Amino acid sequence: MGTRRVLVTGCSSGIGLAVAARLAKDELRRFKVVATMRDLSKRGPLEKAAGVSLNKTLEIKQLDACCEASIRECVDSLPDRRVDVLVNNAGVGMIGPLECQSISAMKDLFDTNFFGLVRLVKELLPDMKRRQSGHIVVMSSVMGIQGLLFNDIYSASKFAVEGFCESVAVQALKFNIKTTLVEPGPVVTEFERKVYDDAEMMDLSGTDEETAKMFREVYLPYSKKIFASLGQTPEEVAEQTLKVITAKEPPLRHQTNRLYMPLTALKHADPTGRLSLDTFYKMTFNHDRVFNVSLGLLRMLQRRAKK
């Protein structure tokens with residue numbers, strides 16, 4: 001297989017930046033990376049991360065996943081409109097009590113996280129079908145498998161992404177097009193920091209006192225502990241993404257964090273859903289000490305895995 005052109009979205013920071021830089025620096029020079037972002041004035045960190053690969057194996061282009069014309073203009077600018085691998089990464093976050101979120105903000109989130117993916121696949125799929133080859137790689141989340149407290153809307157968008165990709169994958173396979181959902185757990189990025197910083201200052205007057213207390217005194221502290229214990233770096237996720245792109249038979253799903261797998265496995269262990277629901281409830285509200293000890297053990301395993 002020759003050099004493959006990879007279009008990556010959401011490359012101004014975080015996972016998208018790390019994936020674009022890692023593929024561009026591939027030792028075997030297997031990729032030509034088209035790293036895209038909505039606002040080109042934010043290209044500085046990517047240019048720095050790309051280093052000598054900039055304008056050689058990596059080029060930066062403008063693309064707004066919320067605008068069909070922007071996507072078409074970017075794809076039309078490529079030779080033969082050829083994209084061998086799409087890495088759909090652009091996304092936004094949202095946490096907090098449902099009553100405190102506006103419907104408008106929810107729609108904006110879905111416009112990026114779900115419809116952004118749909119627009120890109122709609123634009124690229126016909127060309128991939130014509131060439132009888134391609135790989136659609138989608139940055140999903142463990143929250144597309146298991147809904148989590150106070151992540152109602154973000155999790156819903158990732159469930160939508162997973163359902164869409166499962167459905168498209170069957171048709172795509174007939175045209176020799178592979179589909180992979182990359183499912184990170186907690187990832188320590190500026191994206192996540194901003195979401196949690198905003199949450200600290202969130203106006204909770206729209207909800208009741210008990211829910212507000214639950215969010216501030218239970219959810220936010222627990223989330224910080226989970227990120228400290230289980231959080232991956234964008235570079236670690238990028239390394240896992242490289243593996244699925246170069247796999248001879250890419251999987252439909254790939255969780256990047258092995259330590260998080262027992263939590264997602266609970267859902268499949270009991271079709272009624274009671275096991276995972278009860279476990280997350282007890283972990284959150286009834287067993288603070290057990291929760292802390294478990295995270296300590298996972299933190300130790302994480303350190304050993306990195307050695």
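Here is a quick briefing on the overall build of this protein and on a handful of its residues. The model is a predicted one. It contains 12 helices and seven strands. Its radius of gyration comes out at 20 Å, close to the 19 Å that the globule rule gives for 307 residues, so the protein is as compact as a globular protein of that length.

**The whole protein**

- If you box up the C-alpha atoms along the principal axes, you need roughly 60 × 45 × 40 Å.
- Of the 307 residues, 49% count as buried.
- Take the contacts between residues at least 6 apart in sequence: 76% of them join residues at least 24 apart.
- The protein exposes about 15600 Å², and carbon and sulfur atoms supply 56% of that area.
- On the charge side, there are 44 positive and 37 negative side chains. The centres of the two sets lie 8 Å apart.

**Helix 1 and the loops on either side**

- Helix 1 covers residues 14-24. It is largely enclosed by the rest of the structure, because 10 of its 11 residues are buried.
- Serine 13 sits in the loop between strand 1 (4-8) and helix 1. With a relative accessible area of 35%, serine 13 is partly exposed.
- Serine 13 and lysine 42 are 29 residues apart in sequence, with 8.5 Å between their C-alpha atoms.
- Arginine 29 belongs to the loop that links helix 1 to strand 2 (31-37). Its relative accessibility is 57%, so arginine 29 counts as exposed.

- You'll find glutamine 132 in the loop between helix 5 (115-131) and strand 5 (134-139). At 41% relative accessibility, glutamine 132 counts as partly exposed.

**Tyrosine 219 in helix 8**

- Helix 8 takes in residues 209-230, and tyrosine 219 is one of them.
- Is tyrosine 219 buried or exposed? Its relative accessibility is 8%, and the cut-off for buried is under 20%, so tyrosine 219 counts as buried.
- Which residues does tyrosine 219 contact, leaving aside neighbours within four places in sequence? They are Ile95, Leu149, Phe150, Asn151, Tyr196 and Met214.
- Asparagine 151 also makes a polar contact of 3.0 Å with tyrosine 219, side chain to side chain.
- Arginine 274 is 55 residues away from tyrosine 219 along the chain, and their C-alpha atoms are separated by 21 Å.

**Methionine 202, on the way into helix 8**

- Methionine 202 lies in the loop between helix 7 (190-200) and helix 8.
- Setting aside residues up to four places away in sequence, methionine 202 touches Ile95, Gly96, Pro97, Cys100 and Gln101, along with Phe215 and Arg216.
- Ile95 is on the contact list of methionine 202 and on that of tyrosine 219.
- Glutamine 255 is 53 residues from methionine 202 in sequence, and 31 Å away in space, C-alpha to C-alpha.

**Helix 10: leucine 263 and threonine 264**

- Helix 10 spans residues 261-269 and holds threonine 264; leucine 263 is found in helix 10 too.
- Threonine 264 is buried, with a relative accessible area of 2%. Leucine 263 also counts as buried, at 18% relative accessibility.
- Not counting residues up to four places away in sequence, threonine 264 touches Val142, Ile145 and Gln255.
- With neighbours within four places in sequence left aside, leucine 263 is in contact with Gln146, Phe280 and Met283.
- The C-alpha atoms of leucine 263 and threonine 279 are separated by 8.9 Å, and the two residues are 16 apart along the chain.

Notes
Residues numbered from 1 in each chain as written. Predicted model: local features only at pLDDT ≥ 70, side-chain atom pairs only at ≥ 80, totals over all residues. Heavy atoms only, no water. Helix = DSSP H or I, 4+ residues; strand = E, 2+ residues; numbered from the N terminus. Rg over C-alpha atoms; globule rule 2.2 N^0.38 Å. Buried < 20%, exposed > 50% of the residue type's maximum accessible area, 1.4 Å probe, protein only. Contact = heavy atoms within 4.5 Å. Areas by Shrake-Rupley, 256 points an atom, 1.4 Å probe, with all protein chains shown as cover. Lys, Arg positive; Asp, Glu negative; His and termini not counted. Charge placed at Lys NZ, Arg CZ, Asp CG, Glu CD. Polar contact = N/O pair within 3.5 Å; in protein donor to acceptor, adjacent residues only side chain to side chain.
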